[in-house]
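Visitor: I am new here. Please show me the structure, and let me ask how you know what you say.

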Amino acid sequence: MQDNMKKQEPLIKIENLVKYFDVGNGKKLHAVDGINLDIMPNETVGLVGESGCGKSTVGNVVIRLLEATGGHVYFDGTDVVNANKKQMKEIRKKMQIVFQDPYASLNPRESVETILKDPYQIHKIAKGQELKDRVAEMAATVGLEPYVLEKFPHELDGGKRQLTGIARALALDPKFIICDEPVSALDVSVQATIINLLIDMQQKRGLSYLFISHDLSVVRHISNRVAVMYLGQIVELAETDEIFSNTLHPYSIALLSAVPRVDFSNKNKRIVLEGDVPSPVDPAPGCRFAPRCFMTKDICHAENPELREVCPGHCVRCHCWEESQQKAADYQGK
């Protein structure tokens, strides 16, 4: 599948995407600071990192729920950032989002049936009996029983609420869906149901996903490629198997060391990062991870490294990437 992707044009092309928030006194919070990322047709890119690193902001800016401070987001060749109202209405048919909180993202005053009717009615796609049939078909597609259509969000469990959100996102037959922590608020058994549904829908409908999560085990299961984010910047990007087997950035190494695993030999000791997280408000020069890094050099505090391809398909933003694995092993006492 990867070979086919390389021959195609990206469905989503993010170029130098920037989102700053004004925090007063002329200062800016650098939530997203120069992101570059392509997402191919029928591909899932996982976006991972700690809370507050800017993952959800990337998703909200890509789909234009938040306006970008700078940069471009091209969807099928159209610049979403500069699209007018008419263009955005058409784009929104093909770009959808599934939110983290399935309760807050659903109108509590509407039944599930009414919620699922909204996309068809807003875009004037169906009415009358055809509308009812489409809603019933979409509910069945995601595994919602007919009785659920009469219920209101507060009458449903978290899993059925999220299935409602997914059905709403799929209603207009989109090409691209942003999944913003779609399973983090759900029980493990329900998580599996949602993830398997997303994979099944991708295979049947040719969907592309930007899958935002802090759960690396889930990301590994669903993603073709993984982008690791730290304080508004992508610090490592590679195919999923590559990033788990040949991790190069110190932050990525620390993240992976924290993934729970059955290991009675205790060979994989967790790397506990020390130091304080730098402020994203007008960040200081140098690498943003340097204050917490176990591999830092003088250059790390002076120059912010570029994200560069160090081997085919594997990009890393680090001055020390060549010796990263050995230093990580030394740090863990291997």
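Visitor: Where is Arg-64 found?

Guide: Arg-64 is in the loop between α2 and β4. Helices here are DSSP runs of H or I with at least four residues, and strands are E runs of at least two, numbered from the N terminus. This is a predicted model, where local features need pLDDT of at least 70 and side-chain atom pairs count only at pLDDT 80 or more, while totals for chains, interfaces and linings use all residues. Residues are numbered from 1 along each chain as its sequence is written, and side-chain values use heavy atoms, with hydrogens and water left out.

Visitor: What is the phi of Arg-64?

Guide: Phi is near 65 degrees, a positive value in a residue other than glycine. Leu-231 lies in the loop between β9 (225–230) and β10 (233–239).

Visitor: Why is Leu-231 called buried?

Guide: Buried means under 20% relative accessible area, exposed means over 50%, and partly exposed is in between, with a 1.4 Å probe and protein chains only. Leu-231 has 9% relative accessibility, so it counts as buried.

Visitor: What makes α2 largely enclosed by the rest of the structure?

Guide: 7 of the 8 residues of α2 are buried, so the helix is largely enclosed. Among them are Val-58, Gly-59 and Val-61.

Visitor: How do you know which strands are at the edge of the sheet?

Guide: Two strands pair if DSSP finds at least two bridges between them. The open sheet has 4 strands in the order β2-β1-β4-β5, with antiparallel pairing. The edge strands, β2 (27–39) and β5 (78–79), each pair on one side only. Helix α2 (residues 55–62) packs on this sheet and touches β1 (12–24), β2 and β4. Contact means heavy atoms within 4.5 Å.

Visitor: What makes β4 and β5 a pair?

Guide: 2 bridges join β4 (residues 70–75) to β5. The definition asks for at least two, so they pair. Tyr-74 stands opposite Asp-79 in β5.

Visitor: Why is Cys-293 called buried?

Guide: Its relative accessible area is 17%. The cut-off is under 20%, so Cys-293 is buried.

Visitor: What lines the largest cavity?

Guide: The lining residues include Cys-293, Cys-320, His-249 and Phe-289. About 70 Å³ of space lies in this cavity.

Visitor: Why is Lys-160 called buried?

Guide: Lys-160 has a relative accessible area of 18%, so it falls under the 20% cut-off. Lys-160 is found in helix α6 (residues 158–170). Not counting residues up to four places away in sequence, Lys-160 touches Leu-144, Glu-145, Tyr-147 and Val-148.

Visitor: Is His-314 buried or exposed?

Guide: His-314 has a relative accessible area of 0%, so it is buried. His-314 is found in strand β12 (residues 314–316). Residues that His-314 touches include Glu-236, Asn-246 and Arg-308.

Key. Axes fitted to C-alpha atoms, helices over the stretch in contact; angles between N-to-C directions. 1 Å grid on protein atoms, 1.4 Å probe; cavity = no way out; pocket = protein on both sides within 12 Å on 5 of 7 lines; lining within 4 Å. Points joined across faces, edges and corners; volume = space filled by probe spheres on them.
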